[in-house]
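Please consult the sequence and the structure shown here.

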Amino acid sequence: TKGVAIFASGGGSNMRALVADMTGDHPARPAVVLSNNADAGCISWAQGQGIATEVVDHRPFGADRAAFEAAMTAALAAHAPDIICLAGFMRKLTAGFTDAWAGRMINIHPSLLPKYKGLHTHARALEAGDAQHGCTVHEVTAALDDGPILGQARLDVAPDDTPETLSARVLTLEHRLYPAVLRRFAAGDRSPVTLKG
Ligand code: GAR
């Protein structure tokens with residue numbers, strides 16, 4: 001069985017979807033939830049589930065991302081994860097960290113990559129007048145929201161969609177896509193998952 005470290009910064013709804021799926025014949029189990037934010041909902045929820053947690057606050061490290069990442073690496077050591085899943089982890093990672101985890105770290109992003117890397121993806125899709133929008137799970141490389149695509153879920157944009165309604169509908173898709181990809185990825189299967197909302 002593979003051990004999974006889930007990195008999250010906020011409420012952690014994707015984290016919960018991943019944890020909920022990791023039972024029975026699933027090839028992985030949650031090893032630890034790590035957050036840069038001690039007050040994040042993901043931490044209290046994981047504690048309630050009896051999942052190990054680690055908090056590494058990025059703020060004391062200022063601009064020294066390498067030192068922040070060294071502290072995360074140290075915090076992970078005791079949990080010996082095989083895979084890292086970024087699930088709403090809102091810190092950029094440097095090549096030092098992404099190279100160390102190459103082929104073993106995946107991320108979910110709320111757009112149909114390569115469109116709309118970075119923030120405000122739903123507003124940008126609406127502004128562009130896109131007929132479809134969605135989410136992507138990809139392997140993490142040094143470039144932000146880049147790396148080989150492991151799965152995408154798409155939906156049709158409605159005429160009355162707002163960034164808020166789109167965000168909510170895409171998030172529901174994320175909760176289907178990410179567990180489906182992790183199940184394959186943990187079994188060594190990188191064939192892409194495709195879903196339609
Ligand atoms: C999700 O929509 C995820 O795709 C996005 O943050 C949200 C986290 O929600 N991630 C990014 O924007 C990464 N740059 P959650 O905490 O409920 O899973």
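Pro114 is placed in the loop between β5 (105–109) and α5 (121–127); helices (H or I, at least four residues) and strands (E, at least two) are DSSP runs, numbered from the N terminus. The model is predicted: local features need pLDDT of at least 70, side-chain atom pairs count only at pLDDT 80 or more, and totals for chains, interfaces and linings use all residues. Residues are numbered from 1 along each chain as its sequence is written, and side-chain values use heavy atoms, with hydrogens and water left out.

**Loop between β5 and α5**
- The peptide bond leading from Leu113 into Pro114 is cis, and its omega is near 15°.
- Tyr116 lies in the loop between β5 and α5 as well; although Tyr116 is not a glycine, its phi is positive, at about 60°.

**Loop between β2 and α2**
- Ala38 belongs to the loop between β2 (28–35) and α2 (41–48).
- Leaving aside neighbours within four places in sequence, Ala38 is in contact (heavy atoms within 4.5 Å) with Ile43 and Val55.

**Packing of α1 and α6**
- Helix α1 (residues 13–21) and helix α6 (residues 163–186) have axes that come within 9 Å and cross at roughly 45°. Axes are lines fitted to C-alpha atoms, for helices over the stretch in contact, and angles run from 0 to 180 degrees between N-to-C directions.
- This angle makes α1 oblique to α6; angles under 35 degrees count as roughly parallel, over 145 as roughly antiparallel, 65 to 115 as roughly perpendicular and the rest as oblique.
- In α1, Ser13, Asn14, Ala17, Leu18 and Asp21 meet residues of α6, including Leu171, Glu174, His175 and Tyr178.

**Ligand surroundings**
- Around the ligand (a heavy atom within 4 Å) are Gly11, Gly12, Ser13, Asn14, Gly88, Met90, Ile108, Pro110, Leu171 and Glu174.
- Polar backbone atoms contact ligand oxygen atoms (N or O pairs within 3.5 Å) at 2.8 Å for Gly12 and at 2.9 Å for Asn14.
- For Glu174, an N or O atom of the side chain is 2.7 Å from an oxygen atom of the ligand.

Conventions: Polar contact = N/O pair within 3.5 Å; in protein donor to acceptor, adjacent residues only side chain to side chain.
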